[in-house]
Amino acid sequence: MRTAYKVFAWLVALGVVVQAASVVWAVAGLGIWVDKDGGVLDKAAFESEETLFPEVAGFMIHGLSGMMIIPALALIFLIVSFFAKVPGGIAWAAYVLLAVVVQVALGIYGHEAAVWGLLHGINAMILFSLAVYAGLRVSSLERRPIAPAAEHEPV
Amino acid sequence: MSSRLRLVLACLATAALVVPLGWLWWSSLMPDEYSVMEMGYTDLGGGPVPAGAPGHGAGAHGGPHGGTPVDVATLVEDGTGKADVRLDLTAREESFTLASGREVSGYTLNGASPGPTLRATQGDLVEVRLTNENVPEGVTLHWHGIDVPNAMDGVAGVTQDAVLEGETFTYRFVAEQAGTYWYHSHQISHEQVRRGLLGAVVVQPAAPGTGSARPGTGISTGSSAAGQFADVEALVHMYDGQRTVNGQVGDVEVPADPGTTVRVRVINTDNGPMTIWVSGADYRVLAVDGTEVNAPGPVSDQALVVTAGGRADLAVVVPEDGARVELAGNAVVLGPTGVDVRAEPAPTTFVDLLTYGEPAAAGLDPTEADRRFDYVMGRRPGFHDGRPGLWWTINGHMWPDVPMYTVATGDVVTMRIQNDSGEVHPMHLHGHHALVLSRDGEPATGSPWWVDSLNVRDGESYEVAFLADNPGVWMDHCHNLPHAAEGLVAHLMYAGYTTSFKAGGHARNEPE
């Protein structure tokens, strides 16, 4: 279970990497499409569900991954933490899930006011750091005796 | 802590997370077959309970004058006379080639997409025979903007069953309103419309001097008291990422002598609002959604928004060196053959139809409204038929638990359409035209502004009014068709009427 805990922590972190890469890839593709091919992006084009340019897949990956896959991973991560007996592990899994919830909310509100998008980018760093730390600390705990820490573990 | 206790606590914590989510998921699942009559809850808009209205929950309990409810399938055009205009349309799923040379896999009507333009004169009895040759999911035709009898409205699972492979359905209606409209499938509409099951409808006024069609060109010419004019429809549709005008890409040339007036009937068949403007000339907005604007003034350096499903007829007096009607990357070029007109960038200011034109009697008194409805759009996370996501809400309720707007024939109805959802929504009410009364509390002061497709941007609140004079069960939905498929759909129901058609089931009806 401890291995599963580590795996899910790293999967959430990997998800953030995919998110950052896919959205920048898509924006770059959009820029090239408009700039070099004279593409016209308006609401109708935006809503067309058509492949205007190949990199539009990046927006889809970002949406699908951000709205479904990463939240599901974070939820499973928290459930795994209940069973993993990692000292302090539940708290860190909960922080990760909280950061995911905030991240999704900022992503949604970014469609209303762009400033939330700014915070969405910053919170991505926080989420990534939390997930990486949650994974790393299992490895570091494994190199040390953990019995005393277990006494103070929150449930 | 003992390991057994720890395990029990872990299981309880897991259950505390999973059980509510599972319950939300399970309760959102739709049955294989359902009737819109059973959907949501009755909303009487503060009016009296009309005869035949249900007491609790939606669903007809009696006829409009008591007795058994009237099935909407019986609401057909009166009379069995010979049609003035007949059109046979055969729907096929196939590959076809755009003018740009791009091969598109989609749907055609009589081998082409857009399908043939239906041309009629005001007052004509129109008869369209739709045959489905090979579309496995079935097809229908909805007459967008034409207030047809309910059984002719073409909504699969509400007003008819989808026309399956090898079947034929005949639509008959009187083209009572002159103007620009369009037809499209209302079976799996978010996919079938996008992939080409659509065409234009032009109803010329009954007055003398109207144009005659030149087959195949989409251009009709004629003469009026004011002299020669041309009349052209510009049906904008995106195929496979390629925006087209009447199926063509780039500049669509319409030869016109300088000094003549050209009526350009712009039809937006895509899923989002479109910004249009004219390079090289002023223009007037002659009509919106098939209704003439009263005393339309000249517009210069301003763009016009044509919402998804909406239409705008522009009048352009052709200058010596031509003009371009700019349509999202393509253009209709008016002028002598081969004229080269410089494309101007999109203006940054817009025609506001709230104040455009001159006031006139609208023939509807909203101060005496019998019912006042709210249609407030929002968005929240949840499950839609088992799929997790961020879904639309109407008055705080998620589909299918949405209001059933219930009216009696003859009611004057007002509706506040408010958008708190974070995205623009082109709202389309079937079978009726609504008069815009105000936007964000600012009253309409221009020409009476009648719509069937209203662009409601995020944060905006419109008040509209309409006369409930066309009995049946009518969709009132977002014409960003994927949004409709995501649950942004409600219905306007006349008390005492019911539908025996069902979504899903053996008929495989899927209206959105």
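1. Basis. This is a predicted model: local features need pLDDT of at least 70, side-chain atom pairs count only at pLDDT 80 or more, and totals for chains, interfaces and linings use all residues. Residues are numbered from 1 along each chain as its sequence is written, chains are lettered from A in the order in which they are written, and side-chain values use heavy atoms, without hydrogens or water.

2. Extent. Chain B places 35 residues in contact with 24 residues of chain A (heavy atoms within 4.5 Å). Together they bury about 2,400 Å², 63% of it on carbon and sulfur atoms. Buried area is the accessible area (1.4 Å probe) lost by two parts on being put together, summed over both. R6(B), L17(B) and R194(B) supply 23% of what chain B buries against chain A, more than any other three residues.

3. Charge pairing. Zero salt bridges are counted between chain B and chain A (side-chain nitrogen of Lys or Arg within 4 Å of a carboxyl oxygen of Asp or Glu).

4. Elements. α1 (3-28), β14 (227-239), β26 (387-394) and α3 (481-485) of chain B each supply at least two residues to the side that touches chain A. α1(B) gives the most, eleven residues. Helices (H or I, at least four residues) and strands (E, at least two) are DSSP runs, numbered from the N terminus.

5. Helix α4(A). Residues 89-109 of chain A form this 21-residue helix. Its buried residues include G89(A), V96(A) and L106(A) (under 20% relative accessible area, 1.4 Å probe, protein chains only). The buried residues pack against α1 (2-37), α3 (56-84) and α5 (114-142) of chain A.

Technical notes:
Expected span 1.5 Å × (residues − 1). Buried < 20%, exposed > 50% of the residue type's maximum accessible area, 1.4 Å probe, protein only.
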